[in-house]
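Here's a quick walk through one protein chain, from the overall fold down to a few side chains. Have a look at the sequence and the model first.

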Amino acid sequence: VTPQSRSPRRELAAPRLGPRFTSNGSRPPLTARLVAAACLVAPLVAAVPYGLTVFLRSPWLRQMVLVPLLPAIQFYHGSPINNYLSIAALYGLVAKNKSLHPFTRSIGAQASTLMMVQFPAN
């Protein structure tokens, strides 16, 4: 085969999928990303008791992470039913809400699943 008889190669671009891109290759809007980040606060609050020794040993972590989350931690762990309510709220109001961006809905579903995984330990 001579070099002139070869057809030019077409480079196939891989789809840009991942946490920063949606299925059509564009980034989700800022509001969708902010709401998705807010959804991840609930599993973080649920997991704080498991890492309490880390927060107690590091004053910087305690000041930057634990102190701002303290009202949410007190609310979440204040009553046994708050665990059920927060899982149901994330799943029903975010994960199954068709009017929200798909990125936000998928993060909401992941957050509710994370909370369900932590549920037996609480």
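What share of the contacts in the protein chain with a separation of 6 or more comes from residues 24 or more positions apart? It's 61%, where contact means heavy atoms within 4.5 Å.

Bear in mind that this is a predicted model, so local features need pLDDT of at least 70 and side-chain atom pairs count only at pLDDT 80 or more, while totals for chains, interfaces and linings use all residues. Residues are numbered from 1 along each chain as its sequence is written, and side-chain values use heavy atoms, with hydrogens and water left out.

The chain has six helices and zero strands; these are DSSP runs numbered from the N terminus (helices are H or I, at least four residues; strands are E, at least two). Of the 122 residues, 26% count as buried, meaning under 20% relative accessible area, with exposed being over 50% and partly exposed in between (1.4 Å probe, protein chains only). The accessible surface comes to about 8,900 Å², and 66% of that belongs to carbon and sulfur atoms; the areas come from the Shrake-Rupley method with a 1.4 Å probe, and for residues only the protein chains shown count as cover.

Now the inside. In the largest nonpolar core, which has 15 residues, Ile73, Leu90 and Met115 touch the most other members. Such a core is a set of buried Ala, Val, Leu, Ile, Met, Phe, Trp, Tyr and Cys residues joined through side-chain atoms within 4.5 Å. Helices H2 (41-47), H4 (59-76), H5 and H6 (102-118) each supply at least two residues of this core, and H4 gives the largest share, four residues. Beyond its neighbours within four places in sequence, Ile73 is in contact with Val45, Val48 and Leu66.

Tyr76 lies in H4, and Asn82 is found in H5. Leaving aside neighbours within four places in sequence, Asn82 is in contact with Phe75 and Tyr76.

| Residue | Relative accessible area |
|---|---|
| Tyr76 | 7% |
| Asn82 | 10% |

The side chain of Tyr76 makes a polar contact with the side chain of Asn83 at 2.6 Å. That term covers a pair of N or O atoms within 3.5 Å; within protein, one must be able to donate a hydrogen and the other to accept it, and residues adjacent in sequence count only if both atoms are side-chain atoms. The side chain of Asn82 reaches the backbone oxygen of Phe75 at 2.4 Å.
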